Amino acid sequence: MFKKSIPAFLLGALLIGSLSFQSCKKDDDDETVTPTPTPTLYERLGGINAISAVTDQFLANVVADPVINARFAATIADANRTRLLRLNLIDQICAAAAGPCQYKGKTMIEAHQGLNITEVEFNALVGDLVDAMTSLGVAQADQNELLGILGGLKPDIVGQ
Amino acid sequence: MKRINILFKIALASVLVLNGAFFIYANTRTLSVSEKVKPVTLAAYQTDKALTNENLAQLKTNSAQLKNKITAMAATSGNNVIGITYYSDLISSSEIASTLESNNSFDLSEITFQSSGKSCPISGIKAQWNSLLNAYRISDN
Ligand code: HEM
């Protein structure tokens, strides 16, 4: 009777063993599930086309902004200069948002040296950027993140 | 005379080689992600009256007709400057002006800025270099 029950016992043990393995495997699987990477700001903004759309709206806003548009008269007058400024702005925003771009323009101190830009003008330009992002539906949190990065450049721009 | 002839030939060969090298460089270099974005032209228009909210609404309707030809339009109530970015290969600045003007109570004129003024000459050189490369490129984007 005891002898007879040995195969049944072995079978039972095997079953329990394989079940517990199964559950272990499941636990292991849970551990190795790679967490979905949080999208970068670049991805959340919508990539290069969305950034170029924001930049275009931003430039148009600057042109229509009586507080600062005179500052950009020489730029608007020269199509090549406008083209370069736009390219630099797209690269700057894209790189700040951890996108696949490299800013190749001047440093902010070099670019704004001698312009004596005031705080009022700085705020006006930031306002134009905010308006551009808002009108194109950029989420508030993403706006804040970008502004946090670009806003840090203020000491290199104002009063230079 | 013979010497001048040789010098001329050398000069001609140099120009041809230089142009060829430039052409190859401009067309084979890998463009960055941002350089692949189609370039736009920036224009500023002045209205003869300060813009009202009705004008703004009409401007919005009018600019919607230019979809895919202009990439952005900006105008604010109480001001009289309109900013536009557009693809100059698809539409001219005067066409934009007449479309924006239609059914609106103002006259519009493009503002032509002077390219002089205090500015860093390096920006100019860089911009010229950029435009030279673009001139040698077969495709614009
Ligand atoms: C967060 C604020 C700002 C950022 C991120 C910024 C960024 C830039 C960049 C990337 C350039 C191009 C640099 C180059 O040519 O290599 C530039 C140029 C310039 N910026 Fe700013 N800027 C800011 C604020 C301002 C303000 C407040 C003004 C004036 C009201 C201003 C006026 C100019 C002018 C006049 C140029 C020269 C454009 C040209 O070369 O034609 N900027 N800026």
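User: How many salt bridges are there between chain B and chain A?

Analyst: A salt bridge is a side-chain nitrogen of Lys or Arg within 4 Å of a carboxyl oxygen of Asp or Glu. Side chains of opposite charge can pair when their charged atoms come close. Between chain B and chain A the count is 0 salt bridges. This is a predicted model, where local features need pLDDT of at least 70, side-chain atom pairs count only at pLDDT 80 or more, and totals for chains, interfaces and linings use all residues. Residues are numbered from 1 along each chain as its sequence is written, chains are lettered from A and ligands numbered from 1 in the order in which they are written, and side-chain values use heavy atoms, leaving out hydrogens and water.

User: Which side chains meet in a salt bridge at 3.3 Å, N to O?

Analyst: Those of Glu145(A) and Arg44(A). The pair links distant parts of the chain, 101 residues apart: Glu145(A) lies in helix H8 (residues 140-151) and Arg44(A) in helix H2 (residues 41-45) of chain A. Helices (H or I, at least four residues) and strands (E, at least two) are DSSP runs, numbered from the N terminus. Over all chains, the whole structure has 7 salt bridges.

User: How many residues does each chain bring to the contact?

Analyst: Contact means heavy atoms within 4.5 Å. Chain B brings 38 residues and chain A 32. H4(B) gives the largest share of chain B's side that touches chain A, with 7 residues.

User: What is the area buried between chain B and chain A?

Analyst: Buried area is the accessible area (1.4 Å probe) that two parts lose on being put together, summed over both. Here it is about 2,900 Å², with 63% from carbon and sulfur atoms.

User: Which residue is the only protein donor of the iron atom of the ligand?

Analyst: Donors are N, O and S atoms within 2.8 Å of the metal (3.2 Å for Na, K and Ca); water is not among the atoms, so sites may look incomplete. For this iron atom the donor is His112(A), through NE2 at 2.0 Å. His112(A) sits in helix H6 (residues 108-112) of chain A.
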